[in-house]
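Here's a quick briefing for anyone meeting this structure for the first time. Have a look at the model first, then read on.

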Amino acid sequence: MNYPPKHHQDNDQNHMIEVIKTYPLATVISVENNQPLISHLPLIYEDGKLIGHIDIYNPQAQLLNKHADVTVLFSGPDCYISPSIYNSTQLPTWNYIKVHIKGTVEAIESKSALKQSLITMTEFLEAPNPKYTLEPDNPRLDRNLDYIKMFKITITDWEGKFKLSQDKKPSDIQNARAELIQAHQKSIQHFLDKVF
């Protein structure tokens with residue numbers, strides 16, 4: 001199902017928030033002097049805003065004080081769906097989950113807020129079974145605060161793209177769901193065996 005650009009139903013927005021929480025690595029896109037700038041950063045959803053951190057040497061860091069417009073893409077699982085998995089006659093397709101967000105970005109200048117945000121983000125990313133805690137007195141943390149900028153993105157538009165064979169018969173929908181799970185697991189293993 002494709003959600004409309006503005007969020008109209010709480011349930012639709014909840015689905016999109018779940019994508020953000022489960023797949024927090026975002027593609028952040030902005031434009032400066034007609035040139036696209038793109039970064040890949042984990043973002044945390046908090047009270048209708050996205051919170052993140054960026055290296056001061058990243059060109060997009062210069063846009064933080066300009067209240068620049070940004071587009072943010074979150075990607076859930078995706079895979080090719082072969083007609084062979086359906087019980088009815090179908091054509092090949094690709095299923096995917098994406099969330100597109102538009103908003104304005106602004107810097108948060110407080111060093112104490114930055115430090116706490118880094119600790120909070122680490123807690124979130126370590127959940128549900130944390131193996132590491134970023135302690136406030138970690139000397140490496142303090143040494144790096146001057147090289148990191150904290151920012152928030154105020155969300156102005158949401159669009160969720162959930163293409164999951166939902167126009168098919170119930171049995172075909174279940175087969176497509178199972179294929180998405182299985183293909184995602186297999187493709188990661190196969191890819192990592194090739195490149196890592």
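What follows covers the aromatic pairs and a surface patch.

This is a predicted model, where local features need pLDDT of at least 70, side-chain atom pairs count only at pLDDT 80 or more, and totals for chains, interfaces and linings use all residues. Residues are numbered from 1 along each chain as its sequence is written, and side-chain values use heavy atoms, leaving out hydrogens and water.

**Aromatic pairs**

- Searching the whole structure turns up two aromatic pairs (Phe, Tyr or Trp rings, the six-membered one for Trp, with centres within 6.5 Å; planes under 30 degrees apart are stacked, over 60 edge-to-face, the rest tilted).
- Tyrosine 45 and tryptophan 158 make a tilted pair, 5.9 Å centre to centre with 55 degrees between the planes.
- That pair links distant parts of the chain, 113 residues apart: tyrosine 45 is in strand 3 (residues 44–46) and tryptophan 158 in strand 7 (residues 148–163).
- Tyrosine 45 and tryptophan 158 are both buried (under 20% relative accessible area; exposed is over 50%, partly exposed in between, with a 1.4 Å probe and protein chains only).
- Tyrosine 80 and tryptophan 94 also form a tilted pair, at 6.5 Å centre to centre and 55 degrees between the planes.
- Tyrosine 80 is partly exposed at 41% relative accessible area, and tryptophan 94 is partly exposed at 43%.

**Surface patch**

- Ile188, Phe191, Leu192, Val195 and Phe196 form a nonpolar surface patch with about 570 Å² of accessible area together.
- One of them, valine 195, is exposed, with a relative accessible area of 52%.

How values were computed: Patches are made of residues with over 30% relative accessible area and no salt bridge: like charges are joined within 9 Å, nonpolar side chains (Val, Leu, Ile, Met, Phe, Trp, Tyr) within 5 Å. Accessible areas come from the Shrake-Rupley method with a 1.4 Å probe; for residues, only the protein chains shown count as cover. A salt bridge is a side-chain nitrogen of Lys or Arg within 4 Å of a carboxyl oxygen of Asp or Glu. Helices (H or I, at least four residues) and strands (E, at least two) are DSSP runs, numbered from the N terminus.
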